[in-house]
Amino acid sequence: MVKFEDAQTELYPIESGVPQGSVLGPILYTIFTADIPTSVITTMATFADDVAVLSTSEDPAVASNILQNNLNDIENWLHRWRIHINETKSAHVTFTLKHVNSPPVTINNIIIPQAQSAKYLGIHLDKRLTWKTHIWNKRLQLNTKTMKLNWLLSNRSKLSLKNKVLLYKVILKPIWTYGIQLWGTASISNIEIIQRYQSKVLRKITNAPWFVSNHSLHKDLKIPTVKEEISVYSKTYQDKLMNHTNNLAINLLDNTLLTNRLKRCQVLDLPYRF
């Protein structure tokens, strides 16, 4: 039934699926997809209807073969439960420092398009895991949002400095801090892209003259720099991992993983979003 103000439709039975936004919807979907085929030699990540499957090998052909075997099982599962997917909206990414791509993989006899990067849960993952793609996408998103708020943040605005800073912290800052525990491992040059944006906005908010340093602005407004935020968020994230119930999460604290973002001899093969 659909209701708008005082008007409403008749009741209609739902023969398949669940109503979008319903309380039981996520629970029923989780139960329905609980038996999705997994493999002991692949890693599957699921969140709602977003699914990522990861296979790892030093040989790109082996990585693709492992991945294809798991995809074949998933394909049979999809047919069994009459679930339709859009194969062309999925992405196949080879995460490696080598200048190679893994052989293509298919699902429903359709080749999954290979890409240089993929977006998963709001994070842009490029094939070399430099986070440059993610940072630039966030920078463009920040530009758009800042333009919409310009009438409130500029020197012509009658808002107090306190409220301008509050707007920045509540609306703009969460855009670039999302996923900072991951992209915080980016190079200094990429991190500086976000830092230059923050300094620019703070100068706009305060209408600071040219001789006032960015360091002074951050100190006077009590706003941490991007590097300081990375340290705080990363420390909190690692503390949570230490007590996590998921072994895959706990293993992220392995020193070898913390010191090497991506090994040259390693190929990670990953199709996204079935």
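## The chain as a whole

The protein chain has eleven helices and ten strands. The model is a predicted one. Its C-alpha trace spans about 65 × 65 × 35 Å along the principal axes. The chain holds 274 residues, and 37% of them count as buried.

## The second largest pocket

The second largest pocket has a volume of about 860 Å³. It is lined by 29 residues, and those closest to its centre are Tyr-29, Phe-32, Thr-33, Asp-49 and Ile-83. Four elements are listed as giving two or more residues to this lining: helix H1 (25–32), strand E3 (43–47), strand E4 (50–57) and helix H2 (60–80). The largest share comes from H1, which gives four residues. By type, the lining of the second largest pocket divides as follows.

| Residue type in the lining | Number of residues |
|---|---|
| Nonpolar | 17 residues |
| Polar | seven residues |

## Helix H9

Helix H9 runs over residues 226–242 and has 17 residues. At 1.5 Å a residue it should span 24 Å, and its end C-alpha atoms are 24 Å apart, which agrees.

Which residues of H9 are buried? They are Val-226, Glu-229, Ile-230, Ser-234 and Leu-241. Seen down the axis of H9, the buried residues fall within an arc of 125°, so they line one face of the helix. An α-helix has 3.6 residues a turn, so residues three or four places apart point the same way. On the other side of H9, Ser-231, Val-232 and Met-242 are exposed.

## Two loop residues

Lys-127 sits in the loop between strand E9 (123–126) and helix H3 (132–148). Is Lys-127 buried or exposed? Its relative accessibility is 13%, and buried means under 20%, so Lys-127 counts as buried. The side chain of Lys-127 makes a polar contact with the side chain of Asn-101, at 2.9 Å.

Arg-82 is also placed in a loop, the one between H2 and strand E5 (91–95). Its relative accessible area is 73%, and exposed means over 50%, so Arg-82 is exposed. Arg-82 and Ser-64 are 18 residues apart along the chain, and their C-alpha atoms are separated by 26 Å.

Note on methods
Residues numbered from 1 in each chain as written. Predicted model: local features only at pLDDT ≥ 70, side-chain atom pairs only at ≥ 80, totals over all residues. Heavy atoms only, no water. Buried < 20%, exposed > 50% of the residue type's maximum accessible area, 1.4 Å probe, protein only. Polar contact = N/O pair within 3.5 Å; in protein donor to acceptor, adjacent residues only side chain to side chain. 1 Å grid on protein atoms, 1.4 Å probe; cavity = no way out; pocket = protein on both sides within 12 Å on 5 of 7 lines; lining within 4 Å. Points joined across faces, edges and corners; volume = space filled by probe spheres on them. Nonpolar A, V, L, I, M, F, W, Y, C, P; charged D, E, K, R; others polar. Expected span 1.5 Å × (residues − 1). Arc of directions from axis to C-beta.
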